[in-house]
Amino acid sequence: VLDAMLSFDRLASLSGEVVNLGSGRQTALREVVDAVEEVLGVVCEKRWGTMPARSWDTATWEADVSKARRLLGWNPKHSLRSGLARMAAWMADVGDDYGEASHVAAR
């Protein structure tokens, strides 16, 4: 995503364009939570189905990345799990606002 957003030369000509950046495949919230738990080595309490559906909810949430491919030459480079693992490793290396390394390391 950062690669696409840092393509200033290509983005400059796209004033007003809407470009989706994502994997191009639908990922359920449960899959995201499972991936975060796996990467961080934690288990969180989950309470699925406790919120009522919103009027604008839909069963399909999927980024159409064809425009990003066409206009920016962009394709996703990481899976959800590998991207989360890279981010967790970076966060562990960088530490918190006080410079102390995180106690949770990416696997």
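**View 1. The largest pocket holds about 840 Å³ of space.** This is a predicted model, where local features need pLDDT of at least 70, side-chain atom pairs count only at pLDDT 80 or more, and totals for chains, interfaces and linings use all residues. Residues are numbered from 1 along each chain as its sequence is written, and side-chain values use heavy atoms, with hydrogens and water left out. A pocket here is an open set of points on a 1 Å grid over the protein atoms alone, where a 1.4 Å probe fits and protein lies on both sides within 12 Å along at least five of seven lines. Its volume is the space filled by probe spheres set on the points, joined across faces, edges and corners.

**View 2. Meet the lining of the largest pocket: 22 residues.** Lining residues have an atom within 4 Å of a point. V1, H78, S79, L80 and G83 lie nearest the pocket's centre. Which elements give two or more residues to this lining? They are α1 (2-5), α3 (29-40) and α5 (80-94), helices being DSSP runs of H or I with at least four residues, numbered from the N terminus. α5 gives the most, with six residues.

**View 3. The second largest pocket has a volume of about 500 Å³.** Its lining has 14 residues, and L29, W48, G49, M51 and R54 sit nearest the centre.

**View 4. Now step back to the chain, with its five helices and zero strands.** Of its 107 residues, 15% are buried (under 20% relative accessible area, 1.4 Å probe, protein chains only).

Definitions and conventions. Buried < 20%, exposed > 50% of the residue type's maximum accessible area, 1.4 Å probe, protein only.
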